[in-house]
Amino acid sequence: MHPAIVKLLLYWFRKQHFKVKWNGAISTPFPVLNSVRQGGILSAYFFAIYVDELSKKLTETRLGCRIGNTIINNVMYADDLCLMTSSVQALRVLLGVCEEYAKSHDLVFNPSKSMCQCFGAHGFFDVTPLIKLSGKILRWIDTVRYLGYDINCHNRDFEEMSRRRRELYARANLLRTRFSSCSVDVKLYLFKTFFSSIYCSSLWVPVKRAIMEKVKVAYNDAFRIIFGYSRRCSVSAMFAENNMKDFCAMRRGAAYSLITRLANSDNKIINTIVNSNCFLHSSISKEWKCLLFKSS
């Protein structure tokens, strides 16, 4: 990088001043000289550059989850870091690498926002191992919410699907209350806006199919609530008359869109996973095949 660009960025970050606006009142200016600026256009890029060496050091340990000959033990996005290992001892080693890197590069990891999860088909710990970061003990939890998605290590997507089911009813009742007198075209537009896709539904792999049926019923009920259909009316006819996607069609579209993006991705980790035998025989791969090639 040209030195002039470095000097420009250095001047920019050292001379920036911020103000806080609250209820129409604006605070006096103050400088922000550290941390990742939330919402900054360059923040994610600068963070990636700054921690790139950490990612290399973690990979060089050769500890973590192995797919073929590829070791995957860290995934970073913006200012978040996820470590993946197949053993507790390996996790302690990777955390040690992170702590050493933090000391030498003036980074601070937040133990209060860090947590551990255990995924496995053969049971879990009877007594959770002691894992520390920066001298503080990390919590072991069943469910963590990341980017608005609940990741559960026991029941897979049960909690996430239950929450989305409740959201469907809440949205439907809200729209009926506020837009009951609107025309059919307006209601169709609102339904497409709020219900044409359910966030991350393409990733759902339920342990019990009953929860999927409940979400499907909630989707159908949402349409009935907004348009005033009775519960005895045919679901297929209801969606066909209004030229709308039913629940299964909506999920097929979401799954196909995600599969297409994965196939066209140039990310090394994604390519390794998608082209592996593990992924071919995984539960989510089977779910997609069932969804796209079998009738529900």
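Let me start with the nonpolar patch on the surface: Tyr77, Phe119, Tyr146, Leu147, Ile151 and Tyr199, together about 630 Å² of accessible area. Areas are Shrake-Rupley with a 1.4 Å probe, and for residues only the protein chains shown count as cover. Patch members need over 30% relative accessible area and no salt bridge, with nonpolar side chains (Val, Leu, Ile, Met, Phe, Trp, Tyr) joined within 5 Å and like charges within 9 Å. A salt bridge here is a Lys or Arg side-chain nitrogen within 4 Å of a carboxyl oxygen of Asp or Glu.

This is a predicted model: local features need pLDDT of at least 70, side-chain atom pairs count only at pLDDT 80 or more, and totals for chains, interfaces and linings use all residues. Residues are numbered from 1 along each chain as its sequence is written, and side-chain values use heavy atoms, leaving out hydrogens and water.

Tyrosine 199 sits in the loop between helix 6 (184–195) and helix 7 (209–227); helices are DSSP runs of H or I, at least four residues, strands are runs of E, at least two, and both are numbered from the N terminus. Its relative accessible area is 40%, so tyrosine 199 is partly exposed (buried is under 20%, exposed over 50%, partly exposed in between, 1.4 Å probe, protein chains only).

Now the backbone. Most residues other than glycine have a negative phi. Asparagine 23 has a positive phi of about 55 degrees, lies in the loop between strand 2 (21–22) and strand 3 (25–26), and is exposed at 72% relative accessibility. Serine 134 also has a positive phi, near 55 degrees, in the loop between strand 10 (132–133) and strand 11 (136–137).
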